[in-house]
Amino acid sequence: MGGLTNNDNFVMIPIMNNKNNSAGQIVDRFGGQSALANLLGRRQSTVQHWVRTGRIPSQWHKPLLKLAREKGILLEPKDFVTKETPIIEPAEGRLGVLLVGLGAVSSTFIAGVEHIRRGTGKPFGSVTQMATIRLGKRTEKRTPLIRDFIPLAGLDQLVFGAWDPIPDNAYEAAIKCGVLNRHQYIEPIADYLKAIKPMPAVFDGQYVKRIKGTNVKKAGTKLELVEALRNDIRTFKTTNKCDRLVMIWCASTEKFITASDVHQDLNSFMSGLKGNDERIAPSMMYAYAALMEGVPFANGAPALTVDIPALEKLARDKNTPICGKDFKTGQTLVKTVIAPMLKARMLGVDGWFSTNILGNRDGEVLDEPENFKTKEESKLGALEYILQPHLYPDLYADAYHKIRIEFYPPRGDNKEGWDNIDIFGWLGRRMQIKINFLCSDSSLAAPLVLDLALFMDLAKRAGLGGIQEWLSFYFKSPQHAPTVYPEHDLFIQQTKLKNTLRWLMGAEQITHLGMEYYRED
């Protein structure tokens, strides 16, 4: 079997025989490659490519279904899906985890992994380390740990590197952030943390005005800055004897921008790098550098980054995984649990008011209106997609959704979120739900970083390039194919994640139908 090929929306496996080749089977129903090409008015090479890669691009699904109906050919949407599973390369050698930002999230993550490796801590909150996955029927009682079921890299294989505009090493960052108890969790591994020093960052104060960076790269053009990042990546990999790398954005939220012409294709993007186009953000430069080096990239912040056409195309061309955006840790995590509950019971919503106070660097950055706008857009989207007011206008069309984030330094990393939800039920009876969530923002984010590092490495070894929508579980604003809406419901996301893992390993999908338990022999 060859490697994966990719297209505008999905990736699939090339299959060499029509028994498992869904594209080949569909083409045969229309009389073969030449016959189908003539029916579609396309070159035969187009149809030949479908058969060779084992998949038909999504934009052709509807035309083919329509053509099949006209010709009396049996064809269903499920016929476009191949049952073949990929070959996963072994998780051997060292995995380098490159973090953009060495602040509260990254230092908490690194310190936590080191304690787990030493046996002085446990990976609470990490799906890859603590969760199980059901296989087969409930009566079989097969529920291995995910890390025993899937070939993931082990924690002892991880090596950490970072960039940050502030020169503090991981030890200094952990102390300043105040997330972890200094005497219990920082001092015992002080020497290890001190050895992790941030590389000079690509930084633009126009995108994050509340941070004054001194540990920054200097260059004449943005393209030269990208080349400096690529050199950092190669040097880190060689110096630390890494076999593979992943990159995760754990830095501050950049100011709000929308996609424009410079983001639409690689030629425009390259011209923008050469011409220092102000619409190319630092996060995009990191993502571009990572993809050019074949390094998977995950965006933990809400800024426009790898979710632009140019970089999505590059990810497909390089067959390299990307995902994002904005770690789903606190208030939105709760929101994507409560909102599905209300919709499932067909309870209406008059309004949903959410406010947060936090005092870490993230809170300071979000105190800037341009940066808050980026976060607000990310947090607002979940409710509309979950509640679907266009389908349920009586319940949700007039729902008022308001979000506030306030910078309050005394709280540090201890974020507090309040939600007031005005709902109505039978005959319009008004009711309320009130939630007060006190949490450590970085402690909730750290296990997400670990899971994403391991899962993105898995995706790369499985040949899954492009958008990894199955990792939506971890994000407030999931990156998705342009042909579909994003899934925000946490439990749908969890099902998608676990079914993807089952698919990768050739295991049966779990549908929860369960009728077989109630049929008599």
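View 1. Strand β3 is joined by six bridges to strand β4 (residues 158-163), and the two run parallel; strands are DSSP runs of E with at least two residues, helices are runs of H or I with at least four, and both are numbered from the N terminus. Two strands are taken to pair if DSSP finds at least two bridges between them. Within this pairing Leu99 stands opposite Ala162 in β4. Strand β5 (residues 242-249) also runs parallel to β3, joined to it by seven bridges, and here Leu98 stands opposite Met247. Six of the seven residues of β3 (residues 94-100) are buried, so this strand is largely enclosed by the rest of the structure; buried means under 20% relative accessible area, exposed over 50%, and partly exposed in between, with a 1.4 Å probe and protein chains only. Because this is a predicted model, local features need pLDDT of at least 70 and side-chain atom pairs count only at pLDDT 80 or more, whereas totals for chains, interfaces and linings use all residues. Residues are numbered from 1 along each chain as its sequence is written, and side-chain values use heavy atoms, with hydrogens and water left out.

View 2. The strands follow the order β9-β8-β10-β11, with mixed pairing. β9 (400-407) and β11 (430-440) stand at the edges with a single partner strand each, so one side of each has no neighbour in the sheet. From one strand to the next the twist averages 10°, where axes are lines fitted to C-alpha atoms, for helices over the stretch in contact, and angles run from 0 to 180 degrees between N-to-C directions. Strand β10 (residues 414-424) pairs with β11 in the antiparallel sense over 11 bridges, and Trp418 stands opposite Asn436 in β11. Helix α15 (residues 331-344) packs on the sheet and touches β8, β9, β10 and β11, its direction making about 170° with that of β8; contact means heavy atoms within 4.5 Å. Helix α19 lies across β10 and β11, running at about 80° to β11.

View 3. The structure holds one cavity of 30 Å³ or more, and about 610 Å³ of space lies in the largest cavity. A cavity is a set of points, on a 1 Å grid over the protein atoms alone, where a 1.4 Å probe fits but cannot get out, and lining residues have an atom within 4 Å of a point. Of the 45 residues that line the largest cavity, Cys250, Ala251, Ser252, Thr253 and Asp362 are the closest to its centre. Elements that give two or more residues to this lining include α13 (282-292), α16 (361-366) and α17 (369-387). The lining residues divide into 24 nonpolar, nine polar and 12 charged.

View 4. Most residues other than glycine have a negative phi, and most peptide bonds are trans. The peptide bond from Gly324 to Lys325 is cis, with omega near -5°, and Lys325 lies in the loop between β7 (321-324) and α15. Asn276, in the loop between α12 (266-274) and α13, has a positive phi near 55° and is partly exposed, with a relative accessible area of 35%. Met346, in the loop between α15 and β8, has a positive phi of about 55° although it is not a glycine, and counts as partly exposed at 37% relative accessibility.

Note on methods: On a 1 Å grid over the protein atoms alone, a cavity is a set of points where a 1.4 Å probe fits but cannot get out, and a pocket is an open set with protein on both sides within 12 Å along at least five of seven lines; lining residues have an atom within 4 Å of a point. Grid points are joined across faces, edges and corners, and a volume is the space filled by probe spheres set on the points. Ala, Val, Leu, Ile, Met, Phe, Trp, Tyr, Cys and Pro count as nonpolar, Asp, Glu, Lys and Arg as charged, and the others, Gly among them, as polar.
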